[in-house]
Amino acid sequence: YTAKEVAFDNSAAGITLAGTLTLPAGEGPFPAVVLVTGSGAQNRDEELLGHKPFLVLADWLTRNGIAVLRYDDRGTAASEGASATLQDFASDAASALRWLAARPETAATGIIGHSEGGIIAYMLAGGGEAPDFIVSMAGPAVKGTEFMREQRRLITERMGLPESAFRQNEQMVEYMIEVTDR
């Protein structure tokens with residue numbers, strides 16, 4: 001297959017995002033997906049501790065006839081912009097989806113979102129420019145407030161932090177929930 005370094009605009013945000021497009025061998029058009037990363041500043045490979053799960057996933061999908069666009073989150077690696085809200089990241093993913101769908105090499109286009117990227121996939125599926133399909137990998141299936149509370153509790157426990165740190169963390173999460181519910 002071929003891999004191309006690409007860039008596309010999110011005109012609503014006035015930024016350019018950079019990524020990699022992999023195209024299967026042969027003639028298209030091919031079904032195509034945009035990979036959307038989880039929370040935190042992620043590069044196009046969703047690299048963590050030397051592992052590159054999106055590179056591995058893109059390789060497998062492309063070898064099996066699916067075109068893949070993966071891109072650096074805004075403000076990360078070669079993409080412009082600064083860290084932002086979930087809505088901003090959804091706007092970036094929608095821009096990626098439009099860019100990919102407009103290419104002559106692609107047919108049906110969808111989103112594969114990991115963790116927070118799964119939330120973004122749900123958001124786009126319910127919006128005006130819905131993808132042809134979505135796949136949520138480890139996207140939460142509970143209300144966001146419940147997810148935040150449980151995630152923070154588990155992180156605090158796994159880190160072996162004292163009860164006082166747990167209570168402080170819990171207060172922070174409750175404050176964040178209060179602010180977002182306004």
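This is a short walk through one predicted model, strand by strand and then residue by residue.

Some ground rules. Local features need pLDDT of at least 70 and side-chain atom pairs pLDDT 80 or more, while totals for chains, interfaces and linings use all residues. Residues are numbered from 1 along each chain as its sequence is written, and side-chain values use heavy atoms, with hydrogens and water left out. Helices (H or I, at least four residues) and strands (E, at least two) are DSSP runs, numbered from the N terminus.

Let me start with strand E4. How many of the residues of E4 are buried? 5 of the 5, so the strand is largely enclosed by the rest of the structure. Buried here means under 20% relative accessible area, exposed means over 50%, and partly exposed is in between, with a 1.4 Å probe and protein chains only. A general point first. In a regular strand the side chains alternate between the two faces of the sheet. In E4, both faces are covered. Ala67, Leu69 and Tyr71 are buried on one side, Val68 and Arg70 on the other.

Now the partners of E4. Two strands pair if DSSP finds at least two bridges between them. E2 and E4 run antiparallel, joined by 4 bridges. Leucine 21 sits opposite leucine 69 of E4 there. E3 and E4 run parallel, also with 4 bridges. Alanine 32 has alanine 67 of E4 as its bridge partner. E3, H1 and E4 together make a right-handed β-α-β unit. Right-handed means this: with the strands pointing away from the viewer, the path from the first strand over the helix to the second runs clockwise.

There is another parallel pair. Strand E5, residues 106-114, pairs with strand E6, residues 133-137, over 5 bridges. Glycine 113 stands opposite serine 136 in E6. The chain gets from E5 to E6 through helix H3, residues 116-125, and this β-α-β crossover is right-handed too.

Is arginine 70 buried or exposed? Buried, with a relative accessible area of 6%. Its side chain makes a polar contact of 2.8 Å with the side chain of aspartate 45. A polar contact is a pair of N or O atoms within 3.5 Å; within protein, one must be able to donate a hydrogen and the other to accept it, and residues adjacent in sequence count only if both atoms are side-chain atoms. Contact in general means heavy atoms within 4.5 Å. Leaving aside neighbours within four places in sequence, arginine 70 is in contact with residues including Gly19, Thr22, Leu35, Asp45 and Phe54. Asp45 comes up again: proline 53, in helix H1, touches Asp45 and Glu46, not counting residues up to four places away in sequence. Proline 53 is partly exposed, at 29% relative accessibility.

Next, the aromatics. Rings of Phe, Tyr and Trp (its six-membered ring) pair if their centres lie within 6.5 Å; planes under 30 degrees apart count as stacked, over 60 as edge-to-face and the rest as tilted. The whole structure has 2 aromatic pairs. One of them joins phenylalanine 8 and tyrosine 71: edge-to-face, 5.5 Å centre to centre, 85° between the planes. Phenylalanine 8 is in E1 and tyrosine 71 in E4, so the pair ties together parts that are 63 residues apart in sequence. Phenylalanine 8 is buried at 2% relative accessibility. Tyrosine 71 is buried at 4%. Phe8, Tyr71 and Trp99 form one aromatic cluster.

On to helix H2, residues 86-101. The expected span of a helix is 1.5 Å times one less than its number of residues. For the 16 residues of H2 that gives 22 Å, and the end C-alpha atoms are 22 Å apart, which agrees. Its buried residues include Phe89, Asp92, Leu97 and Leu100. The buried residues of H2 pack against E1, E2, E3, E4, E5 and H3.

Last, backbone geometry. Which peptide bond is cis? The one joining glycine 28 and proline 29, with omega about 10°. Proline 29 is in the loop between E2 and E3. Then two positive phi values. Leucine 49 has phi near 55° and is not a glycine. Leucine 49 sits in the loop between E3 and H1, exposed at 85% relative accessibility. Serine 115 also has a positive phi, about 55°. Serine 115 is in the loop between E5 and H3, and counts as buried at 19%.
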